[in-house]
Structures are given as C-alpha cells and as structure tokens.
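Subject: Structure for your review

Dear colleague,

Please find the structure below, with its sequence.

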Amino acid sequence: MDHAAQVRLMERVFGFLDARSTELGAAPFANDVATYTSPEQLARERELLFGREPLFVGLSSEVPGPGTYLAHRDAGVPLLIVRGRDGELRAFVGLCRHRGAQLLEDGAGSHPGRFTCPYHGWTYDERGRLIAQPCADGFAGIDRETLALTRLPVAERHGMIFVRTRPGEPIDVDAHLAGAADELRALDLAGHHRFARRELAAALNWKLAVDTFLEAYHVTSLHERSLGAKIDGATAAWDAFGRGGRLVAVRRSIASARARPRSEWNLFEHSVVLYQLFPNTILIYQVDHVEVVQAYPGASPDAATVVFTLYTPGAAVDERARRHFQANFDLLLDVSEKEDFRIAAGMQRGFHVAGHPPVIYGRNEPGLAHYHRMIRAALDA
Ligand code: FES
Ligand SMILES: [Fe+2]
C-alpha cells in the first residue's frame, strides 16, 4: 500500500474514532444458519469453491528452487506442487494412475526429478509423465502417455502460489485478487519464509473459522484480556476487493500518530491488516511477519481443518527473533483455539437447534456481509 493510501486510510480511521463509530455497511444482513449446517451446501462448496476456485496454497518460498516440492491434501485432493529442475512450477493430483495410491506423504522438500509410487513402483518424472512401470507387460496395450499424472492449473504471482484442485481454466491471480493485487505485491511475500505451521481440527463449519477474522467487533468483549489492550475493537476499516477484501484492525497506538506530520504516518505500525483471499484464506500482515490462516471443510458441515502458518521476512532467524516469532505464533493459536473457536464451536452446536433464527451481520460487520454474499453468489452461479 503506497503512502498516500495509508494516509487516506488513517484519516478514515481518525474520522471513525472522532465519531465513535466504525466502517458501516448499507444494512444488516441476516443469514440462514443452514449456510453453516447444510450437508447439501457443503457438497456444493466442495464442488464449486474447493473444486473450481483458485486456492491459495502457500508462498513461493515453500517450493524454493529447482527440484523442490510441496504436498498436502488439505483441500480434499492430494496436491503435488513441483518446481522442476527447469524452474517451472507444475501442480498435479498426487495420486498414482495405477490404482490410486498417494505418491507422497504430506510435506515439502527436494526431489530427484522423479516420483516413485510406494505401492508397485510406477515412476513419474517432474512433468508428471509415467517413465517406469515394473512388469510393463501387464499393461501392454495401454498407451503410457495416457497414464500421466493429472495436471492442475497453478499460478505463482506476488510471491504466492494458487492452484485449482481440478483440471480447468488457467488461473489469473490478479483478476482473482482484484484490487488487492497491488497491495499484496508490495508486501514482498516472495521474500517471506515459513517459520511454523500447524493444523487444528475444529468442531465448526469452515466458514465460521473465516468469519472470526472478518470483524474486529468481538475484540472488545471476547479478546478483552488477550488482545484488548492493544487492539481497539470499536473501530475498523473494511474495503472489498472483488470477492475478497481487506480489514484494517486498529491498534490503540494509532492515536499517537495523529500529532505527527502526515509524512511520518505509517498505517502498518498502528494496525493489523487482514486480507481475505476468496474463498478460504486470511493473510494477516503484521509488519515484522505474516500469518496465514486457511480453513477447509472437514468430514461434515460441523468440522473444519484450519491451517495456521507464520512466515518471517528472510530465511535466517536468530535465537532472539525465533523466540519473538514463536511467541507470536503461540498467541495466534492460543487466541484462535481457546477464544474464537471455542465460541464458534458453541455457535455451531446451537445452529442445529430446531428453528434457529438467522444470524445477523451488523452494518458494523461489513466484511462478514460481503463474504457471505460472495459465497452465496458463487454457490448460486
Ligand atoms: S498404485 Fe501406484 S504403482 Fe500401483
Ligand atoms: Fe477473534
């Protein structure tokens, strides 16, 4: 975000503070709780969101150079993302074309240019071509070329990697991010490295995990002890970018900036900037590090897998920095698990009470209203 945009946002925030108000949407939005409980909706989400949309899968540094790979099945499909020795990034369904064994365990590392299935030893090259088949006679008559790994659309831009979990259209990252692309490019995500990653199984709908990051309204009450001293939950700024958006949660320190000349104003010092990347990712810019939260459906509408990752600027982290980043990561997990997700799990159970009325996203929660409108639009399309 350039300096002029930071100043404009800070002026907007100061206007909210003066008026003891916050960003207000046009109207409250009532959402049927079936969006969180319906198995039919979950099936549509798997099909239309997790099956067809570009999904954020990580930063470029997680597949850092020629001969590296990243494998995980969080999105319901075992993804194998490979940087070839030619430097090109390719993505595949990581399932063997013989009888479907998973080629690799979830993880990341370097590869020797070929991937051998642990079951019967079929071997694929880094372009996904089947190059070895023990007892090939058994498969005589089947053209080897038809037995390549299933190739998936993948795109790398602004230091981020996006994949579709099924074959389909190429991915246009900038179109997907809409106006957020320029801001995200300026964060130098390409220079950020994974410090820690943790998966949590949570008893809540995957969208409830996203919801917790789309308004600051709950900070004053729910996070009073953990975050309330630093974050002012009464004021936040929201901007939609395409189907995603950006929430600026304000640090109380922002008041001190006001007396300084505008040329010295730095929004990032006095806020937490959260980008919602449609449909399931939150990217949180914390100046000295980046946190990413990805929510995926679990086995039912009542279950989610939520992946937390902390990225540091630069790969080298000395002992003092390590303690600092670990403390930040622990706080993120602690607050999410013990505060946000604990409340959300109670909501999730409650949504099954017969005749549960719709939930209401207030005008002061415009990020939630936007998000759920976009989900609805994608599912109705
Ligand atoms: S399932 Fe992979 S070689 Fe048989
Ligand atoms: Fe929260």
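**Findings**

At 28% relative accessibility, Ala178 counts as partly exposed, where buried means under 20% relative accessible area, exposed over 50% and partly exposed in between (1.4 Å probe, protein chains only). Ala178 sits in the loop between α4 (173–177) and α5 (180–185); helices (H or I, at least four residues) and strands (E, at least two) are DSSP runs, numbered from the N terminus. The phi angle of Ala178 is near 50°, a positive value in a residue other than glycine.

This is a predicted model, in which local features need pLDDT of at least 70 and side-chain atom pairs count only at pLDDT 80 or more, while totals for chains, interfaces and linings use all residues. Residues are numbered from 1 along each chain as its sequence is written, chains are lettered from A and ligands numbered from 1 in the order in which they are written, and side-chain values use heavy atoms, with hydrogens and water left out.

Two further backbone features deserve a note. Arg20, in the loop between α1 (3–18) and β1 (29–31), also has a phi near 50°, positive in a residue other than glycine. Arg20 is exposed, with a relative accessible area of 80%. The peptide bond from Phe278 to Pro279 is cis, with omega near 0°, and Pro279 belongs to the loop between β16 (271–277) and β17 (281–285).

**Overall form**

The protein contains 10 helices and 20 strands. For 381 residues, a compact globule would have a radius of gyration near 21 Å, and the value of 22 Å found for the protein agrees with this; the radius is taken over C-alpha atoms, and the globule rule is 2.2 Å times the number of residues to the power 0.38. Along the principal axes, the C-alpha atoms fill a box of roughly 80 × 55 × 35 Å. Of the 381 residues, 54% are buried. Among contacts (heavy atoms within 4.5 Å) with a separation of 6 or more, 63% join residues 24 or more positions apart.

**Cores**

A nonpolar core is a set of buried Ala, Val, Leu, Ile, Met, Phe, Trp, Tyr and Cys residues joined through side-chain atoms within 4.5 Å. The largest has 55 residues, and those with the most contacts inside it are Leu49, Leu204, Trp206, Leu274, Ile282, Phe308 and Phe341. Helix α10 (residues 366–380) gives the largest share of this core, 7 residues. Apart from it lies another core, of 38 residues, among them Val13, Trp265, Leu267 and Phe268. Leaving aside neighbours within four places in sequence, Ile282 is in contact with residues including Val210, Phe213, Leu214, Leu274 and Val293.

Arg83 is found in strand β4 (residues 79–83) and is buried, at 8% relative accessibility. Its C-alpha lies 5.3 Å from that of Thr68, 15 residues away in sequence. Not counting residues up to four places away in sequence, Arg83 touches Glu88, His111 and Glu156, among others.

Arg197, in strand β13 (residues 192–202), is partly exposed at 31% relative accessibility. Beyond its neighbours within four places in sequence, Arg197 is in contact with His72, Asp74, Val307, Phe308, Thr309 and Phe329. The C-alpha atoms of Arg197 and Val293 are separated by 9.8 Å, and the two residues are 96 apart along the chain.

Yours sincerely
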